[in-house]
Amino acid sequence: MSRAFLIVMDSVGIGGAPDADRFFNDGVPDTGANTLGHIAQACAAGKAEVGRSGPLKLPALDALGFGAAVKLASGEEAPGLGAEPQGLWGAATEVSPGKDTPSGHWELAGVPVPWEWHYFPDHQNSFPPDLVAKACEIAGTEGILGNCHASGTNIIEELGDEHIRTGWPICYTSADSVFQIAAHEEHFGLDRLLKLCEGLAPTLHAIKVGRVIARPFVGENGQFTRTPNRRDFAIPAPSPTLLDWAYDAGRVTHAIGKIGDIFSHRGITHLHKGKGDADLADHLIRLADEAEEGSLTFANLVEFDSLYGHRRDVSGYARALEWFDGRAAEFMARLRPGDLAIFTADHGNDPTWTGTDHTRERVPVLGYAPGQGSRALGQVGYVDLAASIAAHLGIPAQGPGKSFL
């Protein structure tokens with residue numbers, strides 16, 4: 001039986017989204033955003049020299065068609081990525097009305113989002129009084145801190161000491177459809193934080209807020225750091241996804257990273273977590289050896305987005321891409337005849353762009369099957385990835401996508 005691996009390089013977009021003008025960063029439309037293309041251009045121009053140097057070097061992924069996918073999606077060149085494609089390669093376009101994590105992942109798994117997400121647009125006093133009161137009731141506090149749009153690392157630096165003094169949770173949001181709660185693992189308590197998020201989730205899901213995110217941290221006297229114990233309480237997908245299709249067909253499914261949280265732990269046999277992308281890449285490489293025949297492995301590597309995209313760190317993003325390219329080569333070397341691996345992304349997060357939000361972009365579709373040659377897939381839909389993986393595994397597909405295999 002064949003095995004399939006779907007690997008999401010979180011936020012590694014390739015530009016060219018036809019509706020980018022409908023999505024904004026600090027009031028500026030995303031038209032022209034191109035995460036990979038602009039990183040490659042910055043590297044070639046000597047503008048990404050912190051911890052690395054020179055043109056962007058991604059030999060393993062470029063051999064599949066990474067640079068060719070950028071040109072297909074956006075018409076732009078990605079300097080340093082000029083290999084003749086040896087794998088399956090193309091670009092995928094999203095139709096869901098959001099450029100967020102659940103929208104991208106659900107649609108890649110065959111389920112476009114059928115509704116408009118609820119957002120909190122006000123940058124100060126972001127949350128309505130009844131929602132604040134509900135948070136206080138569950139937390140057992142007289143108030144909350146934050147109540148604003150904020151960077152997660154900045155807000156714990158600003159309010160961490162006051163949080164410890166008052167015991168009030170730090171609640172904040174962003175341009176995404178999220179309600180995030182930061183709290184100290186020891187002073188507030190990790191279990192208490194998780195129960196607070198879990199208790200608030202039904203209220204927020206009812207108004208179509210995509211995720212309630214627990215953001216625990218540790219440290220003292222202004223020296224605070226977030227821990228790996230983040231937990232996302234996501235609204236369930238509205239219909240069965242690729243994970244459900246495989247699970248219901250009796251296949252083993254492996255979820256690496258935050259895939260479990262994104263899909264509300266539905267359709268998952270085994271969950272593999274870690275402290276960061278290094279651990280998650282280790283899981284991916286191990287499963288290339290150990291995953292069962294006929295199984296589906298669905299992975300998300302988040303740090304491109306969380307550490308470098310939102311922080312507009314071009315050098316850091318380039319370093320992360322070059323690091324992962326090496327791990328991807330290790331992974332592909334372990335695959336067997338009959339396996340299929342697809343590398344893609346869920347949205348963009350161009351670190352050269354204005355603002356701090358995701359960017360609306362097409363995403364790469366890079367396929368590797370041992371012993372198979374190259375093939376241009378052209379422009380496809382996100383949902384076509386789910387249909388193609390289902391076809392490869394020989395299981396029924398329930399979504400609107402069409403297989404490109």
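Glu162 is partly exposed, because its relative accessibility is 32%. The cut-offs matter here: buried means under 20%, and exposed means over 50%. Arg165 has a relative accessibility of 63%, so Arg165 counts as exposed. This model is predicted.

The side chains of these two residues, Glu162 and Arg165, form a salt bridge, with N and O 3.9 Å apart. Both belong to helix H6, which spans residues 152–166. Glu162 and Arg165 are three residues apart, so about one helical turn separates them.

## Another pair, on helix H10

Helix H10 covers residues 277–290 and holds both Arg286 and Glu290. They are four residues apart, about one turn of the helix. Arg286 and Glu290 form a salt bridge, and their closest N and O atoms are 3.0 Å apart.

Arg286 has a relative accessible area of 27%, so Arg286 is partly exposed. Glu290 is partly exposed too, because its value is 49%.

Are Asp10 and Lys258 buried or exposed? Both are buried. For Asp10 the relative accessibility is 0%, which means that Asp10 counts as buried.

Salt bridges can also form a network. One such network links Asp19, Arg22, Glu94 and Arg360.

## The annotated binding site

Which residues does the UniProt annotation "binding site" cover? The unreviewed entry lists Asp10, Asp346 and His347. These residues are spread over 338 residues of sequence, yet they cluster in space. Their largest C-alpha distance is 7.2 Å.

His347 lies in the loop between strand S14 (340–344) and strand S15 (363–368). His347 has a relative accessible area of 1%, so His347 is buried. The side chain of His347 makes a polar contact with the side chain of Asp346, at 3.1 Å.

Leaving aside residues up to four places away in sequence, His347 touches several others, including Asp10, Asp305, His358 and Tyr382. Asp10, leaving aside its neighbours within four places in sequence, has contacts that include Lys258, Asp305, Asp346 and His347.

Note on methods
Residues numbered from 1 in each chain as written. Predicted model: local features only at pLDDT ≥ 70, side-chain atom pairs only at ≥ 80, totals over all residues. Heavy atoms only, no water. UniProt positions renumbered as here; feature names shortened; annotations may be inferred. Buried < 20%, exposed > 50% of the residue type's maximum accessible area, 1.4 Å probe, protein only. Contact = heavy atoms within 4.5 Å. Helix = DSSP H or I, 4+ residues; strand = E, 2+ residues; numbered from the N terminus. Polar contact = N/O pair within 3.5 Å; in protein donor to acceptor, adjacent residues only side chain to side chain. Salt bridge = Lys/Arg side-chain N within 4 Å of Asp/Glu carboxyl O.
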